[in-house]
Amino acid sequence: MAEVHQKAADEKFCTECGAVIKAKAEICPKCGVRQMMSSNDFSMVAPNGKSKLAAALFALFLGGFGIHKFYLGQTGWGIVYLVFCWTFIPALVGFIEGILYLVMNDNDFIRKYGGG
């Protein structure tokens with residue numbers, strides 16, 4: 001009978017062989033297969049220090065003023081949002097962008113907004 005092993009909080013199952021490995025392991029020590037990173041890790045921070053979660057929250061709650069654009073280094077767009085904030089169109093667009101940031105793949109976020 002196969003032995004059933006419960007995983008701890010700092011462990012995960014290998015995507016290939018199902019062995020219990022450390023959560024931060026990049027390669028399974030049992031089968032040698034590289035582990036895929038989770039596609040939506042909200043604590044992910046880009047190399048330039050920008051957080052996907054922070055950008056999404058700024059867009060959802062302060063998007064009408066373009067705060068998320070300033071945060072991501074897109075100052076020109078941030079000014080456009082500020083100029084037109086009285087129309088509430090930037091608020092609607094910011095809310096939609098916030099949702100898009102939340103569902104965006106980490107690699108896509110880094111590629112688009114993670115530059116220095």
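This report describes the cores, charged pairs, aromatic rings and cysteines of one predicted model.

## Basis of the description

The model is predicted, and local features are given where pLDDT is at least 70, side-chain atom pairs count only at pLDDT 80 or more, and totals for chains, interfaces and linings use all residues. Residues are numbered from 1 along each chain as its sequence is written, while side-chain values use heavy atoms, with hydrogens and water left out.

## Nonpolar cores

The largest nonpolar core has nine residues, namely A46, A55, A56, A59, L72, Y101, M104, F109 and Y113. α1 (52-62) and α5 (106-113) each supply at least two residues of this core, and α1 gives the most to it, with three residues. Apart from this core lies another one of five residues, among them C14, A19, I21 and C28. A nonpolar core here is a set of buried Ala, Val, Leu, Ile, Met, Phe, Trp, Tyr and Cys residues joined through side-chain atoms within 4.5 Å. Buried means under 20% relative accessible area, exposed means over 50%, and partly exposed lies in between (1.4 Å probe, protein chains only). Helices are DSSP runs of H or I with at least four residues, strands are runs of E with at least two, and both are numbered from the N terminus.

## The buried lysine K52

Which helix holds K52? K52 lies in helix α1, and K52 counts as buried because its relative accessible area is 0%.

The side chain of K52 reaches the backbone oxygen of M104 at 2.7 Å, and M104 is itself one of the residues of the largest nonpolar core. The side chain of K52 is also joined to the side chain of D106 by a polar contact of 2.7 Å. A polar contact is a pair of N or O atoms within 3.5 Å; within protein, one must be able to donate a hydrogen and the other to accept it, and residues adjacent in sequence count only if both atoms are side-chain atoms.

## Salt bridges

Side chains of opposite charge can pair when their charged atoms come close. The structure holds five salt bridges, each being a side-chain nitrogen of Lys or Arg within 4 Å of a carboxyl oxygen of Asp or Glu. One of them joins K69 and E97, whose closest N and O atoms are 3.1 Å apart. This pair links distant parts of the chain, with K69 in helix α2 (residues 67-71) and E97 in helix α4 (residues 89-103), 28 residues apart. K69 is buried, with a relative accessible area of 7%, and E97 counts as buried at 15% relative accessibility.

R34 and E26 meet through their side chains in a salt bridge of 3.6 Å, N to O, and both R34 and E26 are exposed. The side chains of R111 and D108 form a salt bridge of 2.7 Å, N to O, and these two residues both lie in helix α5, three residues apart, which is about one turn of the helix. R111 counts as exposed at 63% relative accessibility, whereas D108 counts as partly exposed at 34%.

## Aromatic rings

How many aromatic pairs are there? The count comes to four, where rings of Phe, Tyr and Trp (its six-membered ring) pair if their centres lie within 6.5 Å, and planes under 30 degrees apart count as stacked, over 60 as edge-to-face and the rest as tilted. F58 and Y71 form an edge-to-face pair, 5.2 Å centre to centre with 65° between the planes. This pair links distant parts of the chain, with F58 in helix α1 and Y71 in helix α2, 13 residues apart. F58 counts as partly exposed at 29% relative accessibility. The charged end of K50 sits over the ring of Y71, 4.8 Å from its centre; a charge sits over a ring if NZ of Lys or CZ of Arg is within 6 Å of the ring centre and within 35 degrees of the ring normal.

Y101 and F109 also form an edge-to-face pair, 6.4 Å centre to centre with 80° between the planes. Y101 counts as buried at 2% relative accessibility, and F109 counts as buried at 0%. Y101, F109 and Y113 form one aromatic cluster, and these three residues are among those of the largest nonpolar core.

## A loop residue and the cysteines

F88 is found in the loop between α3 (75-83) and α4, and phi of F88 is near 65°, a positive value in a residue other than glycine. F88 counts as exposed at 63% relative accessibility.

The structure holds zero disulfides, a disulfide being a pair of cysteine sulfur atoms within 2.5 Å. C17 counts as partly exposed at 33% relative accessibility, and C31 counts as partly exposed at 33%.
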